[in-house]
Amino acid sequence: MSTDIIERSILASFHRLTSSERSMIELLSVYRTLDVDIIDHTARALGADQESARILRLPMIEARRGVGDDSVRLRPLLRQFLLKRLRDEDPVTYHRAHRLAAAYFHQPLEPLMLGRLGWYLQEIHHLAVSHPGRAFSRLADFSHSALMAGHPEAASRGAAEALQVDGAPEELKFLADVVRTVSEILASPAQVDERAIIRLDGILTASRPSSDLAALRIAQLARDLVTYYSVRLAPLPRMSTALAPAVLPGASQSGLSEVSTGLSLAEAVSHFPHSVMSRVHKVEFQESGAALHSIKTTLYTQRAGTVTYQPVDLFPAEAGDTLDSLDVRDANGWTVHSLKVIETQIYMASAVSSWLNEATGEESQGGSTSPALRQEISRSLASALQDREHETVGQLLQTAADQSDGNLRRRILSATQYLPLVAVLDANSGTSQKLQYEYEGPFQVKRLGFSGVSVSLELVLPTQVKNRLEIPRLDGLELAEFRMESEVPYTLAANSNRHNWPQSGTREVPNQFTVVFSRDNEGDAPYGRLARANPHLLYVVRKEDIVRVRQVNLVCIAACLLAIFVPYALNGAVWSNIFSWLTMILILVDAYYKNPKSDPGASNQELRATASRPIKSILGVNVLSAVVAASTTNAGASPTTLAISATGLGLCLLMTSFLHIVGRQRNRLIRYPVLEGRM
C-alpha cells in the first residue's frame, strides 16, 4: 500500500513539471545514473535553456545510495514507468533518447582503456536499442580490442549488454553469443567446459559469415578454438595472430617505415593492376531479364602475416551503388570485407591532401598552379574529411585535379578518376587469393530473321588487364556469331580448343575469348583505364531441330495424302481406326515440339522460345492440317472431305517450303570464328 502511495506521489510530481522539464526527464530516463555533464548534453540536444542545478533539485532526482561519488539517478519507479510508456506509446522519443545517450558515451577504442569500460558498455547498450547495425560494428570492434589487450572479461561484459536488449536482431545476438563464449574459454583455457565448445560450434554453424572485418576475425578465432578443443590437433590459437589489427604501422623488409594506409592504397590504385594475376568475366542470361556478370580475379600472393588493402577491380564513377552492393567471397566461400565507396573516398582524399602538401614547397614545372592554392585545397580537404562532408570531398578532389598539372595531376586522376573495388585481405585468417563477385546488368534481345535472335549488352573492362571473357551457350540454341564494339582498339583471341566446343565434329563459335586492349591507352592518351565494350551475340536454332521439324512435316504430308486416297481403297471402319491412332500420335508430337520447356534442364527458356517460334509455328500448322485431314475421313469419301484434305496437303507443302527458306537463312547467319585478329 505504501508503495502505491509513493508511486502516485512521484507521478503527481512529474505531471506538475513544465512541458520542457517533462521532455528533459523523459530523455534522461534511459540513463542508469545522472550527472551535470549528462544533463547539459541532453539540454543542448533539446535546444532548451535548462540549468543543471535546477534539474538536480527536482523531487524525482535522488542520490545513489552506498556510492561515494556525486552521481544521482532518477527514482526507479518513475524511470520504469517512463521507459515502459516511451517504448510502448512513443517509440520515436524512446529511440532518440538512446541515440543521444550513445553519442554521449562514445569513446575512441584506440588505445583501449579499462577506466572507460563503463562508457564502452553503455554505448553498446544504447546502440543496441537505437541502431542495431552500428551496435554490431561497435561490439565487434570493442571485443576485438579487448581480446587483443588480453581482457576477455571486458569483451564478455560488452556481449552481455547487447544480449540484455529485448528485440535485438539475430545477427547481433549471434555475435554477442560468440564473443561471450570465446571470452569464457579464453578466461580459463585450462578448464574449458565441453558444453561451451558444443554451444560455440552450434552458434557458428547457425550463423552466416559477416562482412565486418573484426567480426570475421572473432568468428575465425572461435572456429579455431572449436577445432583445437575438439580434435586437439591444431596448435592453440594465438591472440596476436588470430586478432591482428587491420593496419599497423611497422617496418618494411628494407627497414624503412611503411607509409599510411591512405597513401599505400592510393598508390596501389594508381598502379592497378599490378596486383592482378588474371581476371575472368563470365556472363549469364537470367530468366528475370537481367544479365549476371560473374567476375573471378586471382591476385598475386601477399606477404604472410599481413593485412592489406588490395584494389581488385575498377568501376565507372557512376557505379557507386553497384560497388557498395557487391558480395565479395574467396575460393573457400568466406566473405571478404571490401571498402564502401565513402570509405575509399576518405582514403583517396587523405592521400591527395598529402600529395598537395608535398608539392606545396615545390615549383610547378611548366604549370600555373600556385603553392598557396594547393595548400588551400589541402586544408579544405582535411576540414571536409573531419566533418564527414562527402559531397564536398568529391568536389574538392575534382578541383584538386583541375588545378594541378604535370605529374601531380596524373597521380590525382589515376587515384580518383574511377571507383576501385578494394578488398581487405587478411593472411592471418587464411583468405584465398582467388576472389569472386557478381552483379546484374541489362541486356537487349531482338529477333533476327526467322531462325535467330540477337542479344546485346554492355561490359566495362579494365584496359590494362588481360581479360578472359566467357559468354553463355544457351540450351536448344547454337551460338552463330560473336562480335564486340569498343572505342578502345583491342585484339580478340578465341579459345579454339575442341574440348571447349559443345559437340565434337561440329564447328561452332567458341564462347571463351581473351581480350587484350591496345597499350596505346597508357600515359596521356584519351582512352583511359576502363573500356566500355558492347558484345553482340547471335543465336540460331539448331540444325537438328530443323531436321526434326522437317521429318514431322513429311509425316504430316503423308497423312494428308493418305486422307485423300486411302478412303477410296479401304473400308471406312478400318480407315477410321488407322486415323484415330495417327491423329493421337500427331497431337503428341505437336505438344512435345511446341512446348519450350520440353527439356526440363534447359535454361533461358524465353530466349529459346523467341528464336524457335517460327519453326514451332510451322510445326503447328502442319500438325493441325494433318489432324484435321485425318479427322474428316470419319465422314467417309466425299468432295468436302477431299477438299479439306487437299487444303491440308497444300498447307503442309507450303510450310515445308517455308522451312527450307528458314534453314537457308540460318546457314547464312552463321559466322565461323576468326580465331585471332584485330577487331
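## A briefing on the predicted model

Asn622 is buried, with a relative accessible area of 0%. Please keep in mind as you look around that this is a predicted model. The protein chain has 679 residues, of which 47% count as buried, and its secondary structure comes to 23 helices and 17 strands. Below is a friendly tour, starting with Asn622 and moving on to other places in the chain.

**Asn622 and its surroundings**

- Asn622 sits in helix 22, which covers residues 605-632.
- Leaving aside neighbours within four places in sequence, Asn622 is in contact with Asn553, Cys556, Leu651, Cys652, Met655 and Thr656.

**The chain as a whole**

- Among contacts in the protein chain with a separation of 6 or more, 72% are between residues 24 or more positions apart.
- The accessible surface of the protein chain is about 34100 Å², and carbon and sulfur atoms account for 52% of it.

- Arg8 belongs to helix 1 (residues 2-15).
- Is Arg8 buried or exposed? Arg8 has a relative accessible area of 53%, so it counts as exposed, the cut-off being over 50%.
- The C-alpha atoms of Arg8 and Leu77 are separated by 9.8 Å, and the two residues are 69 apart along the chain.
- His41 is part of helix 3. With a relative accessible area of 16%, His41 is buried, because buried means under 20%.
- Not counting residues up to four places away in sequence, His41 touches Tyr31, Leu100 and Tyr104.

**Helix 2 against helix 3**

- Two packed helices are described by the angle between their axes and the distance between the axes.
- Helix 2 (residues 19-28) packs on helix 3 (residues 36-46) at an angle of about 120°, and their axes are 10 Å apart. This angle makes helix 2 oblique to helix 3.
- The crossing of helix 2 and helix 3 is right-handed.
- Helix 2 brings Ser23, Met24, Leu27 and Leu28 to the contact, while helix 3 brings Ile38, Ile39, Thr42, Ala43 and Leu46.
- Seven residues of this contact between helix 2 and helix 3 are nonpolar, two are polar and none is charged.

**Helix 7 against helix 9**

- The axes of helix 7 (residues 117-130) and helix 9 (residues 152-163) cross at roughly 25° and come within 8 Å. At that angle, helix 7 is roughly parallel to helix 9.
- Helix 7 and helix 9 also have a right-handed crossing.
- From helix 7, Leu117, Leu121, Ile124, His125 and Ala128 meet Ala154, Arg157, Gly158, Glu161 and Ala162 of helix 9.
- By class, the contact of helix 7 with helix 9 holds six nonpolar, two polar and two charged residues.

- Why is helix 14 described as largely enclosed by the rest of the structure? Eight of its 10 residues are buried, so helix 14 is largely enclosed.
- The buried residues of helix 14 are Thr261, Gly262, Leu263, Leu265, Ala266, Ala268, Val269 and Ser270.
- Pro273 lies in the loop that runs between helix 14 (261-270) and strand 3 (276-285).
- Most peptide bonds are trans. The bond from Phe272 to Pro273, however, is cis, with omega near 15°.

How values were computed
Residues are numbered from 1 along each chain as its sequence is written. This is a predicted model: local features need pLDDT of at least 70, side-chain atom pairs count only at pLDDT 80 or more; totals for chains, interfaces and linings use all residues. Side-chain values use heavy atoms; hydrogens and water are left out. Axes are lines fitted to C-alpha atoms, for helices over the stretch in contact, and angles run from 0 to 180 degrees between N-to-C directions. Helices (H or I, at least four residues) and strands (E, at least two) are DSSP runs, numbered from the N terminus. Angles under 35 degrees count as roughly parallel, over 145 as roughly antiparallel, 65 to 115 as roughly perpendicular and the rest as oblique. A crossing is left-handed if the near helix is turned anticlockwise from the far one by less than a right angle, and right-handed if clockwise. Contact means heavy atoms within 4.5 Å. Ala, Val, Leu, Ile, Met, Phe, Trp, Tyr, Cys and Pro count as nonpolar, Asp, Glu, Lys and Arg as charged, and the others, Gly among them, as polar. Buried means under 20% relative accessible area, exposed over 50%, partly exposed in between (1.4 Å probe, protein chains only). Accessible areas come from the Shrake-Rupley method with a 1.4 Å probe; for residues, only the protein chains shown count as cover.
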